[in-house]
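Good morning. May I ask you to turn to the structure on the screen, which I shall present briefly.

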Amino acid sequence: MPSVLLAPPRSHAAPPKPAGVRGALAALGEAMRRHRRTIQALQWAVVGIYLMLLVVPVLLPLPPRTAHLWNNATLAAAFAFWGLWWPFVLLSMVLIGRTWCGVFCPEGTLTEAVSRRSLNRALPHWLTWRGWPFTAFVCTTVYGQMVSVYQYPAPALLVLGGSTVAAMAVGLMYGRNKRVWCRYLCPVSGVFALLAKLAPVHFQVDTAAWEASRQAPRPPAINCAPLVPIRTMQGASACHMCGRCSSYRGAIALAPRSPQHEVVNVAGTRANAWETALILFGLMGVAVGAFHWSASPWFVDAKQAVADALVNAGVIWPLAQSAPWWLLTDYPGQNDVLTLLDGAMLLLYIAATAIVCGGALSAMLAASVRAAGAWSWPRFHHLAQALIPMAGCGVFLGLSAMTVTMLHAEGLEWPQGVAVARALLLAGAVLWCGWLGWDIAGRWTGGARRVAVAAGTTVAAAASGFCWVLLFWIW
Ligand code: SF4
């Protein structure tokens, strides 16, 4: 009898034990696979906390001016959501990949749970459109500004709760035991996929060990909920780091890697126009406008000029008319109402910022690509990925400004420390982008051309960083 038939069936063959950091990470990945029930308990605990933070504030009156974080549930929930949760989930992507998605995210947990009873319909073409991550990110970012999602509980329930209901509906319709929503439609999935490319850990597939395992009886299939093609997986971008495939076929392990690796060596073959748009026009354009407008003197001047023109023309209603709270911020009791003119100017300002910033960055990257030799769209998309550190840093700084503002309102101030931390993060992001540009250019060219590409990438990152300098230091 051939020896292969005598071999015990292996669903999860034990991989050879590596040492040091590699060994510790592999053991951690294994622990995640073995302690699935613990992870599930954690996931449901997060669902409970999420629903409580979302629903309870809506049932309470808006906080009075004398309220504090520690004695008002609405303020505490807003701080937990926007001051802690969001900025540090973004940061976690760069540190530990999409572990948030696979281990903690309440929306992922709910869509997967509901999908156990899914109708399991075939995925329609529209659902797998590659433009969703960009489109959904832009729409939720802009709509969030229109309704002041960071400030009031009802818009937060509408935006986040609406997304959760949609995730569950998609789970009911498509993909049994899967996370179709997370894979194709989640508004932040594209951003998370970009940032996770910088993570220093990933589930690594040993293709030689995989091929060798074909000699043994086929192990039971792994349910990869976010539909990652595990055998050909080369990075952390799509993987939710759930640990379910750890040691599958003796070929998969949680492992360390260089934070440069995926952007330099993998992204070039997979980068596409929608990812480039999300980096240049989404994170470095729309998001900048969304964080800028309420502090921008240019916004005030432009609005004043349009208001004057309208008054001179005898058209007063755009200055006086407001809209329902679910369309435009409308809280007269808080002295916080956006008129139709405010809303229109907000949309124009964000659109103008996205076009100016995205257009300028595209031109700088295009010049850098040209400096390396003949023009090439794949090279342009690849080089755009070098700007991920600045794109992520900017959004982290924008979100964490909320943290700083809320702590400031409680009398907790570290103006020097915050300014130094922001400056260091921006400088670090610029240097990291330049380094990525240098490494990517090294795949195309050398010498002076390589220096020119790296310099162009660094200048583009610095230009985007200047948008945040304007917000934090100049305005
Ligand atoms: S590839 Fe799939 S199963 Fe494996 S860790 Fe990533 S998300 Fe989980």
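The mean pLDDT of the protein chain, that is, the predictor's confidence in each residue from 0 to 100, is 92, and 97% of its residues reach 70 or more. Over residues 1-12, however, the pLDDT is below 50, and beyond near neighbours in sequence this stretch has 18 contacts in the model (a contact means heavy atoms within 4.5 Å).

Two remarks on conventions. The model is predicted, with local features needing pLDDT of at least 70, side-chain atom pairs counting only at pLDDT 80 or more, and totals for chains, interfaces and linings using all residues. Residues are numbered from 1 along each chain as its sequence is written, and side-chain values use heavy atoms, with hydrogens and water left out.

Let us consider the ligand. Which residues surround the ligand? They are Phe203, Cys224, Pro226, Met233, Cys239, His240, Met241, Cys242, Gly243 and Cys245, each with a heavy atom within 4 Å of it. This shell divides into eight nonpolar, two polar and no charged residues. Here Ala, Val, Leu, Ile, Met, Phe, Trp, Tyr, Cys and Pro count as nonpolar, Asp, Glu, Lys and Arg as charged, and the others, Gly among them, as polar.

Finally, Pro378. This residue lies in helix 17, residues 377-384; helices are DSSP runs (H or I, at least four residues), numbered from the N terminus. Is Pro378 buried or exposed? Pro378 counts as exposed because its relative accessibility is 55%, and exposed means over 50% (1.4 Å probe, protein chains only), buried under 20%, partly exposed in between. Pro378 and Arg270 are 108 residues apart in sequence, yet 9.0 Å apart in space, C-alpha to C-alpha.

Technical notes
Helix = DSSP H or I, 4+ residues; strand = E, 2+ residues; numbered from the N terminus.
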